[in-house]
Amino acid sequence: ADVFTYDPGFTSTASCESAITFIDGDKGELLYRGYPIDQLAEKSNYLEVCYLLLHGELPDKATLDDFIYRVTRHTMVHEQMHNFFRGFRRDSHPMATMVGVVGAMSAFYHDSLDISDPWQREVASMRLIAKLPTIAAMAYKYSMGQPFVYPRNDLSYAENFLNMCFSVPAEPYKIEPALAKAMDRIFTLHADHEQNASTSTVRLAGSSGANPFACIAAGIACLWGPAHGGANQACLEMLREIGTVDQIPEYIKRAKDKDDPFRLMGFGHRVYKNFDPRAKVMKESADEVLELLGIEDNETLKVAKELERIALEDEYFVSKKLYPNVDFYSGIILEAMGFPTSMFTPIFALSRTVGWISQWKEMIEDPTNKIGRPRQLYTGATARDYVDVDKR
Ligand code: CMC
């Protein structure tokens with residue numbers, strides 16, 4: 001009989017070889033193509049990081065300008081796609097809309113579906129990186145009952161996204177450069193994270209030869225779960241539910257109780273067992289943004305700070321190596337910027353699109369690639385004879 005290795009949750013199985021992202025969970029180290037995440041967050045910008053993830057090297061100035069030009073040319077979505085949005089219930093969660101609309105891209109962009117053609121793969125990548133902010137912003141506008149705002153190619157990637165989310169015809173959005181920078185940093189910190197659940201989903205979907213839009217839609221669907229990308233929304237909702245600092249001990253008690261399914265959202269990570277290096281940068285960004293906006297003594301923030309302090313000293317969290325992760329701080333920044341919690345995971349999705357597409361591309365270009373097909377340990381009934389319905 002066949003013998004299989006049983007590894008629930010794939011805690012010790014490498015599913016692929018990859019040269020894109022390196023994580024050392026014990027050291028709290030994260031490298032994109034060899035470059036430390038904190039250096040990229042501080043000195044680079046999201047589109048340069050996109051180029052780096054996709055192509056493996058930092059671009060020279062002319063190459064970067066050309067890349068930005070190509071991404072920018074693809075920011076609009078087909079006008080007919082507007083009708084597709086309108087088919088959703090008006091109060092749809094933007095993630096629900098995004099899963100559908102991104103999947104529908106394969107019905108609109110027939111000239112980038114042939115995955116055996118490098119040029120088509122490149123165009124599909126450009127389209128996804130360029131259009132995801134437009135689609136996320138449209139999903140938001142639709143959920144708010146506000147008119148869609150077209151992309152503006154004179155703005156940077158982050159400025160354009162903020163403008164598409166917050167401009168209304170009656171009042172154009174005033175872009176604050178420091179907020180655009182913080183937005184860009186959130187995109188950068190989420191750009192890739194090796195073989196997490198959604199990336200593995202994209203690779204598995206792509207291993208069958210499915211088109212890139214279908215694969216990214218699958219990734220978005222997986223990301224939505226509260227144990228993964230949905231944690232940023234769940235974390236802020238938890239902070240609000242806790243409400244005041246004096247309620248924290250009660251929630252800490254619940255998180256430690258084996259019989260209570262409650263977990264502290266925004267804490268813990270499968271790989272990081274020291275600290276999440278993204279959380280470190282995100283925390284600095286949160287402090288800057290809150291100071292800039294003058295909202296330092298907001299109640300949610302007080303709860304967040306105190307919760308972090310208590311958890312970092314608590315024996316349970318210390319012994320299990322549970323540290324605040326990237327999602328603990330990103331929600332605080334996004335809320336301060338004016339985003340509703342329902343937009344937190346869409347923002348994660350648009351940021352991660354470049355990681356998904358880079359990993360997909362790496363897999364497609366690997367000649368040893370074959371369809372992902374895990375086996376199982378069968379625990380069901382042994383062979384038995386069918387019994388007619390009147391004899392059961
Ligand atoms: N609060 C309380 N206890 C926790 C938590 C938490 N947030 N996370 C893990 N534990 C406990 C868990 O109960 C288990 O205890 P025991 O060994 O006694 O059974 C132990 O710590 C190990 O947890 P696990 O679930 O086996 O670990 P995992 O690697 O499967 O899960 C995780 C990692 C991120 C899903 C988990 O820590 C979690 O659910 N965290 C909250 C959700 C969250 O913030 N997710 C965002 C992750 S970062 C961004 C992203 O990936 O999208």
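## Core, helix and ligand shell

Alanine 136 touches Pro94, Met98, Pro346, Ile347, Ala349 and Leu350, leaving aside residues up to four places away in sequence. Touching here means that two C-beta atoms, placed from the backbone, lie within 7 Å.

This is a predicted model: local features need pLDDT of at least 70, side-chain atom pairs count only at pLDDT 80 or more, and totals for chains, interfaces and linings use all residues. Residues are numbered from 1 along each chain as its sequence is written.

The largest nonpolar core has 112 residues. Such a core is a set of buried Ala, Val, Leu, Ile, Met, Phe, Trp, Tyr and Cys residues joined through C-beta atoms within 7 Å. Ala136 is one of the members that touch the most others, as are Met98 and Val102. Helix H6 gives the most to this core, with 13 residues. Helices are DSSP runs (H or I, at least four residues), numbered from the N terminus.

Phenylalanine 348 sits in helix H17. Phenylalanine 348 counts as buried because 30 other C-beta atoms lie within 10 Å; the cut-off is 20 or more. Its contacts include His190 and Leu223, not counting residues up to four places away in sequence.

| H6 | residues 118-144 |

Around the ligand stand 20 residues, and Ala231, Arg263, Gly268, Arg270 and Asn325 are the closest. A residue is near a molecule if its C-beta atom, placed from the backbone, lies within 6 Å of it.

Note on methods
Buried ≥ 20, exposed ≤ 12 C-beta atoms within 10 Å, placed from the backbone. Helix = DSSP H or I, 4+ residues; strand = E, 2+ residues; numbered from the N terminus.
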